[in-house]
Amino acid sequence: MSAVGLPSIRLDELCRRNDAELAPGGIRAVVVSEGDTLSLARRIAHRSRGQHLEASPDASALARRLRAGRGALLVVSGLEALSGDEWKRLDLLRSRLSREGSTVLVLSPRAMALLARAAPNLSSFISPPLWNLESAPDDAAEEDIEAAQRSSTHVNDSPSHSRQRLIRRQYEEASKFPGEFVIMIGTRVLFHSTDREEAIRSYESVFEEVPGGTPVFIEPGIRLPERDPVVRGRSPRGA
């Protein structure tokens with residue numbers, strides 16, 4: 001499956017259709033072929049008066065958090081961090097994803113491809129059509145972004161150059177622990193270990209219990225990317 005050829009939709013139209021069409025318990029997905037899934041998910045949540053959830057790095061934890069999500073609408077981003085194996089596991093856990101409110105999945109092209117290939121049963125639960133969400137700002141974009149950042153419980157986005165500078169510093173800090181999984185908030189190292197499962201358990205604990213921003217999970221041997229890494233704020237099991 002490719003984002004090429006999908007019908008496009010603007011953010012304001014998506015929010016209007018969510019309110020009018022998306023029934024309680026329903027799941028909708030949109031693909032962001034250009035732009036930042038995190039900031040767009042925040043904007044959707046703000047415009048629709050819903051809640052934003054950044055995906056957990058493993059299927060079981062994600063399923064628990066989805067089911068526990070409160071509010072009429074839950075907007076989920078960060079799904080590109082799940083590996084193919086975790087998508088398969090999420091497919092098996094699909095019955096546990098049901099909730100009273102509705103859910104919108106904001107997908108990168110990679111996440112969309114993994115969903116279609118590794119989670120066909122979950123994919124069939126998603127209400128058609130599948131849209132390509134335009135990343136171009138609409139009339140209220142700046143107001144939305146500022147309000148979403150003020151109200152979000154997750155780490156605030158910085159301008160692009162500042163975010164890239166932060167990512168570089170995070171990778172520089174992580175490189176001080178060669179061969180280890182590193183968990184950070186900002187540039188502060190909270191945990192590091194050579195044991196992947198131990199690191200993931202610690203990450204989940206940090207994510208749920210430590211205030212002050214979204215934790216970042218960086219795996220050993222990953223080089224500094226040219227763009228935002230998929231591990232930023234999440235690390236897939238089985239990658």
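**Helix crossing and strand pairing**

Modeller: The axes of helix α1 (residues 11-21) and helix α2 (residues 37-47) come within 10 Å and cross at roughly 50°. The model is predicted, with local features needing pLDDT of at least 70, side-chain atom pairs pLDDT 80 or more, and totals for chains, interfaces and linings using all residues. Residues are numbered from 1 along each chain as its sequence is written, and side-chain values use heavy atoms, without hydrogens and water.

Colleague: Why is α1 called oblique to α2?

Modeller: Angles under 35 degrees count as roughly parallel, over 145 as roughly antiparallel, 65 to 115 as roughly perpendicular and the rest as oblique. The crossing is at roughly 50°, so α1 is oblique to α2.

Colleague: What makes the contact between α1 and α2?

Modeller: Contact means heavy atoms within 4.5 Å. Leu11, Asp12, Leu14, Cys15 and Asn18 of α1 meet Leu40, Arg43, Ile44 and Arg47 of α2.

Colleague: How do you know that strand β5 (residues 102-107) is largely enclosed by the rest of the structure?

Modeller: Buried means under 20% relative accessible area (1.4 Å probe, protein chains only). Because 6 of the 6 residues of β5 are buried, β5 is largely enclosed. Ser102, Val104 and Val106 point one way, and Thr103, Leu105 and Leu107 the other.

Colleague: What makes strand β2 (residues 27-31) and β5 a pair?

Modeller: Two strands pair if DSSP finds at least two bridges between them. β2 and β5 have 5 bridges, in the parallel sense, and Leu105 in β5 is the bridge partner of Ala29. Strand β4 (residues 73-77) also pairs with β5 in the parallel sense, over 4 bridges.

Key
Axes are lines fitted to C-alpha atoms, for helices over the stretch in contact, and angles run from 0 to 180 degrees between N-to-C directions. Helices (H or I, at least four residues) and strands (E, at least two) are DSSP runs, numbered from the N terminus. Buried means under 20% relative accessible area, exposed over 50%, partly exposed in between (1.4 Å probe, protein chains only).
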